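Subject: Structure for you to look at

Hello,

Here is the structure I said I would pass on. My notes on it follow below.

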Amino acid sequence: MSRLKPYLFSVVITAGFFVLVEGFLYTTGFKYTPREKIYWRPMITMFEGTRQRNIETRFDYPGYIWRTIPNTPYTDSRGFRRPEVADEKPPGTVRIAFLGGSTTHGGYRPYPERVVALLNDALGEDRYEALNAACSSYSTLQSRVALERWVLPLDPDMVFVYHGWNDPQVQDDGYGDHEKYRMSDQTRTSWLLALARVRSLRIGQAMAGLLDWADYTWPRPRVTPDEFRANLDDIARQCDRAGVPLWVATRPRTRRLNTARSLYGTKPLERQYYSTLTRSTDAAAVYGEIHRLYTDIQRDVALRHANAQLCDLSTLIDDLQQRQLADRLGPHLTIFREDDCHLYEFAEQQMAQYIALTVAPQHRKAVVRHIDSYAYNAATARLMLAEEQPGGALFYAARAAVAEPSRAHELADLMYVAERNVRFVELFHQGRPGTKGDFADKLAKLKTCLALRPDDFGVVWQIYRLCVHADQVDQVAEVLAEFRPDNPEDTRQWLSISLESHIIGERLNPAFRTANQLLRVDPDNKQANAFLAHVRQVFESQGTAPQEPTN
């Protein structure tokens with residue numbers, strides 16, 4: 001026992017010291033909120049014409065990686081984009097795996113789907129198929145893991161990787177993807193519980209503050225340039241071991257420098273990191289330097305690995321923008337969306353043409369012949385019209401007329417509709433929430449869209465979202481009074497939105513009528529039934545009767 005006394009004495013003294021320090025910090029009111037890693041995953045938004053579609057994602061442990069939920073109209077049983085590929089590749093099939101973030105995961109019709117459709121149409125047989133394993137907000141880290149975990153076991157014949165947008169981003173927590181990935185779900189849960197206990201103590205907060213102060217590399221981007229290179233190198237090595245050729249695509253850049261200024265350095269953590277990385281505080285210069293830095297790495301990786309080749313999307317999109325500025329593409333065409341990251345469908349179709357020629361050079365003659373044909377350009381013009389791309393429809397219709405002048409008259413109606421749709425599409429894109437402009441201006445544009453297309457529920461939903469963002473939901477019902485739904489589901493959603501607007505605006509009689517109308521198309525609607533039960537009590541307490549709905 002005597003031998004243990006010195007150790008026990010040391011423990012008691014140490015514990016007493018910590019108790020005294022804890023008491024001192026507590027009595028002096030010391031508090032510090034330590035930095036914490038945020039394990040974030042996206043909600044995916046896409047447009048089918050004017051209709052907004054949302055797909056949820058969920059974490060797919062171990063590690064910091066997620067996938068879209070499976071078995072939706074847009075995702076297969078694995079959580080990848082449809083169409084689903086078989087576990088065992090059919091004989092004679094060329095399977096192209098696509099890796100990337102939202103720019104590859106895509107909208108309603110992503111570019112991987114366009115690439116294989118073009119190749120198959122050019123060859124006259126379904127020889128190629130796309131395995132789109134990209135997901136919104138992926139960095140090269142998630143794609144590296146997806147390649148090993150899910151893609152290579154499905155035996156792709158080639159891999160196409162397109163990144164560079166998400167990797168340089170600085171998240172709100174200032175931590176990178178790699179340090180978040182190191183903890184699996186089980187480890188993270190137990191570690192966070194232990195950390196929470198320590199941080200509940202003032203001495204724990206003080207120690208965390210010292211560690212935060214000593215972390216001179218914070219804030220960090222999601223993926224540093226060195227990590228970006230290492231991830232792409234790992235992807236190339238994985239493909240090499242599997243005997244699969246790799247295509248590395250460069251990230252395009254926008255020529256709209258006024259918009260580019262808002263892409264980097266709009267938040268304090270971003271300004272802190274980017275000014276250190278690029279040694280500049282000018283946002284346009286920062287944008288250019290980050291583009292150069294990451295695309296140089298993409299070019300270098302493609303050069304150094306024998307199984308890798310470059311697909312220079314940066315040069316392609318730069319050329320498109322130059323042609324646009326020189327008015328050589330025709331009117332009403334825009335390359336980049338408002339965020340100057342995602343491309344409009346016309347540019348994605350152009351990109352698909354370029355990729356098809358790049359990854360399948362052995363079919364170059366057949367692909368070029370198909371791209372120049374009347375059939376391809378007329379079909380693509382119709383596709384652009386359905387995708388609310390009237391400028392793209394006019395571009396491809398003009399190409400079809402050049403291919404076969406004698407058939408130009410067949411596209412007259414399409415071109416007429418495209419011309420009529422130009423104003424609607426411009427107003428729709430300018431009026432949606434998330435774009436520039438004040439609430440009144442944007443609402444006026446969407447109201448004009450509704451007047452042009454009174455049966456378009458896509459416009460209705462954007463008006464609702466705009467009012468939600470501006471905390472003006474009480475205005476929605478009046479704005480949507482001119483909506484003319486042409487199917488029961490649109491009717492149900494319109495009435496539900498209108499009911500919410502009337503309730504928030506405290507318009508009981510209109511709300512009562514709307515709730516009754518809603519029950520006609522949806523008798524079990526919880527919102528309407530709950531409101532009617534409440535509003536009847538209100539009217540009874542006032543000694544009045546609600547106004548019954550009229551047909």
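Is Tyr108 buried, partly exposed or exposed? At 39% relative accessibility, Tyr108 counts as partly exposed, because that class runs between the cut-offs of 20% and 50%. Please keep in mind throughout that this is a predicted model.

Aromatic rings

The count of aromatic pairs comes to 24. In one of them, the rings of Tyr74 and Tyr108 have their centres 6.3 Å apart and their planes at 75°, so this pair is edge-to-face. The two residues are 34 residues apart and link distant parts of the chain. Tyr74 is in the loop between strand 4 (66-68) and strand 5 (94-100), while Tyr108 is in the loop between helix 2 (102-105) and helix 3 (111-123). Tyr74 has a relative accessibility of 12% and therefore counts as buried.

Another edge-to-face pair is formed by Trp165 and Phe336, with 6.4 Å from centre to centre and 75° between the planes. This pair, too, links distant parts of the chain, its members being 171 residues apart. Trp165 lies in the loop between strand 7 (158-162) and helix 5 (177-181), and Phe336 in the loop between helix 12 and helix 13 (345-359). Both Trp165 and Phe336 are buried.

One aromatic cluster is made up of Tyr39, Phe59, Tyr61, Tyr64, Trp66 and Tyr138. Phe59 also has a charged residue over its face: Arg41, at 5.7 Å from the ring centre. Arg35 is placed over the face of Trp218, at 3.7 Å from the ring centre.

Nonpolar cores

The largest nonpolar core has 54 residues, and the members that touch the most others are Phe160, Ile335 and Ile355. Helix 13 gives the most to this core, with eight residues. Not counting residues up to four places away in sequence, the contacts of Ile335 include Ile317, Leu320, Leu329, Leu343 and Phe346. Gln321 and Gln324 are also among the residues that Ile335 touches. Another core, of 47 residues, lies apart from the largest one and has Tyr74, Val145, Ala236 and Val244 among its members.

An α-helix has 3.6 residues a turn, so residues three or four places apart point the same way. Helix 10 (residues 268-278) has Leu269, Glu270, Tyr273, Tyr274 and Thr278 buried. Down the axis of helix 10, these buried residues fall within an arc of 125°, so they line one face of the helix. Pro268 and Thr276 are exposed, on the face of helix 10 turned away from the buried side. The cover over the buried residues includes helix 8 (225-242) and helix 11 (283-304). Just after helix 10, Arg279 has a positive phi of about 60°.

In helix 14 (residues 364-371), the buried residues include Ala366, Val367, His370 and Ile371. The arc within which the buried residues of helix 14 fall is 130°, so they too line one face of their helix. Lys365 and Arg369 are exposed and sit on the face turned away from that side. Helix 3, helix 13, helix 15 (374-386) and helix 16 (390-403) are what the buried residues of helix 14 pack against.

Charged residues in loops

Asp312 is in the loop between strand 9 (308-311) and helix 12 (313-325). Its relative accessibility is 14%, so Asp312 counts as buried. Leaving out residues up to four places away in sequence, Asp312 touches Thr250, Arg299 and Tyr354.

Arg453 is in the loop between helix 18 (439-452) and helix 19 (457-469). Arg453 is buried because its relative accessible area is 16%, and the cut-off for buried is under 20%. Setting aside neighbours within four places in sequence, Arg453 is in contact with Thr50, Glu388, Asn421 and Phe424.

Cysteines

How many disulfides does a search of the whole structure find? The search finds zero. Cys311 is buried, with a relative accessible area of 0%. Cys449 is likewise buried, at a relative accessible area of 0%.

Regards

Notes:
Residues are numbered from 1 along each chain as its sequence is written. This is a predicted model: local features need pLDDT of at least 70, side-chain atom pairs count only at pLDDT 80 or more; totals for chains, interfaces and linings use all residues. Side-chain values use heavy atoms; hydrogens and water are left out. Helices (H or I, at least four residues) and strands (E, at least two) are DSSP runs, numbered from the N terminus. Buried means under 20% relative accessible area, exposed over 50%, partly exposed in between (1.4 Å probe, protein chains only). Contact means heavy atoms within 4.5 Å. The arc is that of the directions from the helix axis to the C-beta atoms. Rings of Phe, Tyr and Trp (its six-membered ring) pair if their centres lie within 6.5 Å; planes under 30 degrees apart count as stacked, over 60 as edge-to-face and the rest as tilted. A charge sits over a ring if NZ of Lys or CZ of Arg is within 6 Å of the ring centre and within 35 degrees of the ring normal. A disulfide is a pair of cysteine sulfur atoms within 2.5 Å. A nonpolar core is a set of buried Ala, Val, Leu, Ile, Met, Phe, Trp, Tyr and Cys residues joined through side-chain atoms within 4.5 Å.
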